[in-house]
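Hello,

Here is the structure I promised to pass on. Please open it next to the sequence, then read my notes below.

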Amino acid sequence: MSFTDWIVLAVTLLAIIGYGLWKSGSNKNVDQFLVGNRSLPWYAVGLSVMATQASAITFLSAPGQAYGDGMRFVQFYFGLPLAMIVLCITFVPIFHRLKVYTAYEYLEQRFDLKTRVLTSFLFLVQRGLSTGITIYAPSIILSTILHIDTTYTTLAIGGLVIFYTVYGGTKAVSYTQMLQMSIIFLGMFFAGVMVVKLLPNNVGFVDALKLSGKLGRMNVIDWKFDPDNSYNVWSGLIGGFFLQLSYFGTDQSQVGRYLTGSSVAQSRMGLIMNGLIKIPMQFLILLIGVLVFAFYQFNKPPVFFNSYEVDRVKNSSYAPQYNAIEQNHARVFEQRKVAAQNLVSAFESDDESKIASAKTELKKADTDALQLRKQAVALMKKNNAAADTNDTNYVFLSFVTQYLPQGLIGLLIAIVFLASMGSTASALNSLASTSVVDIYKRVINPTASDRNYLNASRLATVIWGVASIGMALYAGKLGNLLEAVNQLGSYLYGTILGVFVVAFYLKHIKGTAVFWAAIISEAIICLMGYYEVVAYLWLNAIGCLVVVIVASVFNMFNRGSSTATPGYE
């Protein structure tokens with residue numbers, strides 16, 4: 001990056017962090033630290049909810065996902081608006097009325113302590129692992145820019161987020177996220193405009209979309225019902241609905257965001273705002289990836305986008321073979337570029353036979369390029385068995401650093417950092433609140449002072465931050481980060497959601513029944529996920545249904561178990 005980009009990056013990051021700390025003030029008690037005195041307006045709630053979900057993974061990996069697999073990932077979010085409606089009707093008023101710090105407090109009031117602790121534990125495992133992935137995403141950027149190992153950049157970024165989360169608490173997180181999302185929307189808009197401007201003069205926006213569509217990248221809607229297909233309308237509406245309902249309704253990283261709302265109405269409006277904006281936002285981010293794909297039909301891409309892995313193989317005994325692959329890649333690219341130009345010309349002539357011929361020519365060149373890429377990956381594996389051979393997380397980053405003008409590069413990289421910091425800070429805050437409120441305060445030290453709980457919350461933030469950094473050091477082996485974080489969540493979210501569904505809607509079922517149902521459900525889901533019985537989105541629906549069904553059966557034979565506390569049904 002240029003000196004100008006470094007200045008833009010540093011000023012943006014420092015300004016955002018400073019603003020969040022200033023707005024948060026000092027935290028004098030645990031209520032301020034965990035839920036910001038429940039004082040935020042709906043727009044702050046809405047932007048905070050969006051920023052928590054839209055981590056660096058979204059802006060780093062989503063364009064790369066579309067580059068390699070097209071637009072079909074957007075179907076993942078089709079169940080989101082329905083989930084927001086259910087949340088606003090059921091979850092939000094209950095949580096607000098009971099003045100809980102975490103979602104899991106309600107479970108003890110409705111069931112018993114063991115159910116609360118089990119559900120809290122499942123959340124802590126899931127969110128602790130996922131937070132490591134969100135820390136790893138921006139470390140890729142620094143690693144690429146500075147040409148150093150991601151281990152060092154992961155430690156630096158993780159340490160920065162831990163500091164301002166410990167100091168500022170949830171209010172700093174929420175106010176920081178509000179400004180973050182404003183800058184993110186602006187920066188991504190400019191990125192999309194710049195991709196189109198950098199296309200050849202005779203290639204417009206529509207031509208780029210048509211060309212990408214001929215190579216299978218405009219596959220937005222898939223109506224075919226296929227349980228083995230992760231992304232179609234049905235998996236998005238059904239599996240996605242259960243995943244989003246569990247994420248926003250039972251994951252403390254999200255529940256903690258809308259518990260900061262000053263009223264039920266403010267929290268509801270914030271969630272509705274998220275439901276209306278999220279799908280268009282995700283569509284446009286994926287569209288940027290498709291446009292980058294079109295751009296690289298006319299501008300030579302690298303054989304492999306992860307420059308760190310490329311440098312390693314070029315400094316090894318396999319360098320001559322890799323250089324030969326690059327030479328063949330350059331030759332194949334020239335063929336692909338000619339074919340792409342021919343296809344654009346065929347679009348202008350509106351001659352179907354010319355379009356079909358040019359499409360065939362372009363597909364052949366694309367297949368040849370993919371074969372050379374496979375050879376390069378195999379060479380990297382020979383050189384280093386532990387090499388990171390999935391480079392989709394580096395596609396958009398490579399484009400930004402090589403082709404965008406000075407200043408805008410720094411801003412876009414700042415955006416990815418901001419997104420990571422916002423989602424990571426929310427996650428650490430939620431991990432701390434669950435650890436302290438649901439386990440430390442309830443099981444370990446129930447009679448301590450408020451100051452003790454505040455200090456315990458800060459200590460828990462540090463501990464979970466260190467644990468997440470440890471997970472981040474492993475995240476490079478998980479492939480595309482956007483898919484990895486959702487796959488990980490799908491192993492646990494269905495079971496957690498099932499517990500809450502029983503709590504809200506099946507009043508006759510008691511605590512012991514739902515406790516054992518959750519354990520059985522989690523065992524079944526882990527086995528199904530391990531053997532890849534169905535696409536991962538369906539695990540969310542299956543986990544929820546297993547809890548409901550098994551709890552109902554158990555309850556029939558266990559009527560003498562603990563009863564719900566009066567007044568909370």
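Contacts first. Among contacts in the chain with a separation of 6 or more, 86% join residues 24 or more positions apart. Please keep in mind that this is a predicted model.

Overall make-up. The chain has 22 helices and zero strands. It runs to 569 residues, and 61% of them count as buried. Its accessible surface comes to about 21100 Å². Carbon and sulfur atoms hold 64% of that surface.

Helix 17. This helix covers residues 408-444, and Thr-434 is found in it. Is Thr-434 buried or exposed? Thr-434 has 0% relative accessibility, so it counts as buried. Which residues does Thr-434 touch, beyond its neighbours within four places in sequence? The contacts are Thr-102, Tyr-104, Ser-120, Phe-123, Leu-124, Gln-252 and Ile-439.

Helix 18. Ala-456 lies here, in the helix of residues 450-472. Its relative accessible area is 15%. The cut-off for buried is under 20%, so Ala-456 is buried. Leaving out residues up to four places away in sequence, Ala-456 touches Val-436 and Tyr-440. Ala-456 also pairs up with Ala-432 for a distance check: the two are 24 residues apart in sequence and 8.3 Å apart in space, C-alpha to C-alpha.

Helix 14. This one spans residues 319-349, which is 31 residues. From first C-alpha to last it reaches 45 Å. That is close to the 45 Å expected at 1.5 Å a residue. Asp-350 follows helix 14.

Two backbone points to look at. Asp-350 has a positive phi of about 60°, although it is not a glycine. It is found in the loop between helix 14 and helix 15 (352-383). At 59% relative accessibility, Asp-350 counts as exposed. Glu-532 lies in the loop between helix 21 (511-530) and helix 22 (538-557). With a relative accessible area of 66%, Glu-532 is exposed.

Cysteines. How many disulfides does the structure hold? The count is zero.

Surface. There is a nonpolar surface patch of about 890 Å². Which residues make the patch? They are Leu-82, Ile-85, Ile-89, Ile-221, Trp-223, Phe-225, Trp-234, Leu-237 and Ile-238. Helix 5 (80-98) and helix 10 (233-250) are the elements that give two or more residues to this nonpolar patch. An α-helix has 3.6 residues a turn, so residues three or four places apart point the same way. Leu-82 lies in helix 5. At 44% relative accessibility, Leu-82 counts as partly exposed.

Look at Thr-434, buried in the model at 0% relative accessibility. Then look at Asp-350, with its positive phi of about 60°. Finish at the nonpolar patch of about 890 Å².

Best wishes

How values were computed:
Residues numbered from 1 in each chain as written. Predicted model: local features only at pLDDT ≥ 70, side-chain atom pairs only at ≥ 80, totals over all residues. Heavy atoms only, no water. Helix = DSSP H or I, 4+ residues; strand = E, 2+ residues; numbered from the N terminus. Buried < 20%, exposed > 50% of the residue type's maximum accessible area, 1.4 Å probe, protein only. Contact = heavy atoms within 4.5 Å. Expected span 1.5 Å × (residues − 1). Areas by Shrake-Rupley, 256 points an atom, 1.4 Å probe, with all protein chains shown as cover. Disulfide = S-S within 2.5 Å. Patch = residues over 30% accessible without salt bridge, like charges linked within 9 Å, V, L, I, M, F, W, Y side chains within 5 Å. Salt bridge = Lys/Arg side-chain N within 4 Å of Asp/Glu carboxyl O.
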